[in-house]
Amino acid sequence: MNAVPSVRERRDRALRLFLPAVVLMLTLLIWDAAVRVWEIPPYVLPTPGLVLRTLGTDWPVLSQSLLVTLTTTFEGFLLAAAGGIGLAVLFNLSRFVEYSLYPYAVILQVTPVIAIAPLLLVYLQQPTAVLVCAWIVAFFPVLANATLGLKSVDRNLFDLFALYGASPLETLWNLELPSALPYMLGGLRIAGGLSLVGAVAAEIAAGSAGAGSGLAFRIIESEYRLNIPRMFAALLLLSATGIVIFYLLALINHLALRRWHESALAQER
């Protein structure tokens, strides 16, 4: 049974919600006041109220673009999760595979995706190229964290499994994967946001050829048309999407670890 939160813990939780809300409200008030005092036209800087009204009036268009970007982000994330964890397991089973392929994974990570995207758009269909970019950006954090987790298992536990005659697959399933789970979940939390970044970067690289019409394409379109309120509304949707992805993955991380891992147990105290 969980202990009843102390007064200090309840106060800290309230402050974590209250202080960011205060900062947000002050920022919006200063923004709105600056636009009104200096009479800044909406095609330069709209008021927060105009951005929200634009979000409502342009919702049919923006929601379709949001769905396109979300689909690409989700698909890229799943591919990165499956590919990163699967390849990390192969690295763990075979040192020759790790030595052969890991340098190329590093090359994918250190090469800016905005430089890769135009090349992919030459050889692939636009939706496929955007998906590949989302996968490239999200793949390496999953691979690196999963590989680190599989290599961080207690040597004494390895000796214990060997003493009882466990096979390599039994050791992998019952020892290495559970021990590496916190690392894998940490990599997935990073990859969730990066898959969105990769999708947006590829949509920007696609430019006016953005047949998929994701949110990044709407931002570029709004810039060309000087529809700055719509640009801010699309940016607001992108930011909200990133926040939702982060906290969903944080919740999954907490639910998976809360009963046994120290990182989650500390939050329960």
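At what angle do helix α4 and helix α6 pack, and how far apart are their axes? I put this question to the model, which is a predicted one.

**Entry 1: α4 and α6**

I looked up the pair and found an angle of about 140° between helix α4 (residues 95–110) and helix α6 (residues 126–151), with the axes 9 Å apart. Angles over 145 degrees would count as roughly antiparallel. The two helices α4 and α6 are therefore oblique to each other. I noted the crossing of α4 and α6 as left-handed.

Next I listed the residues that make the contact. From α4 they are E98, Y102, A105, V106, L108 and Q109. From α6 they are W135, I136, V137, F139, F140, P141, L143, A144, T147 and K151. I sorted the residues of this contact by type and got 12 nonpolar, two polar and two charged.

**Entry 2: α2**

Which residues of helix α2 are buried? In this helix, residues 48–57, I found P48, V51, T54 and L55 buried. Looking down the axis of α2, I saw these buried residues fall within an arc of 120°, so they line one face of the helix.

**Entry 3: positive phi**

I looked at two residues with positive phi that are not glycines. E39 has a phi of about 50° and lies in the loop between α1 and α2. Is E39 buried or exposed? I read 68% relative accessibility for E39; exposed means over 50%, so E39 counts as exposed.

L226 has a phi of about 55°. I located L226 in the loop between α9 (215–224) and α10. L226 is exposed too, with a relative accessible area of 52%.

**Entry 4: the whole chain**

How many helices and strands does the chain have? I counted 11 helices and zero strands. For the overall extent, I noted that the C-alpha trace spans about 75 × 60 × 25 Å along its principal axes.

The chain has 269 residues, and buried residues make up 38% of them. Last, I took the contacts between residues at least 6 apart in sequence and found that 70% of them join residues at least 24 apart.

Conventions
Residues are numbered from 1 along each chain as its sequence is written. This is a predicted model: local features need pLDDT of at least 70, side-chain atom pairs count only at pLDDT 80 or more; totals for chains, interfaces and linings use all residues. Side-chain values use heavy atoms; hydrogens and water are left out. Buried means under 20% relative accessible area, exposed over 50%, partly exposed in between (1.4 Å probe, protein chains only). Helices (H or I, at least four residues) and strands (E, at least two) are DSSP runs, numbered from the N terminus. The arc is that of the directions from the helix axis to the C-beta atoms. Axes are lines fitted to C-alpha atoms, for helices over the stretch in contact, and angles run from 0 to 180 degrees between N-to-C directions. Angles under 35 degrees count as roughly parallel, over 145 as roughly antiparallel, 65 to 115 as roughly perpendicular and the rest as oblique. A crossing is left-handed if the near helix is turned anticlockwise from the far one by less than a right angle, and right-handed if clockwise. Contact means heavy atoms within 4.5 Å. Ala, Val, Leu, Ile, Met, Phe, Trp, Tyr, Cys and Pro count as nonpolar, Asp, Glu, Lys and Arg as charged, and the others, Gly among them, as polar.
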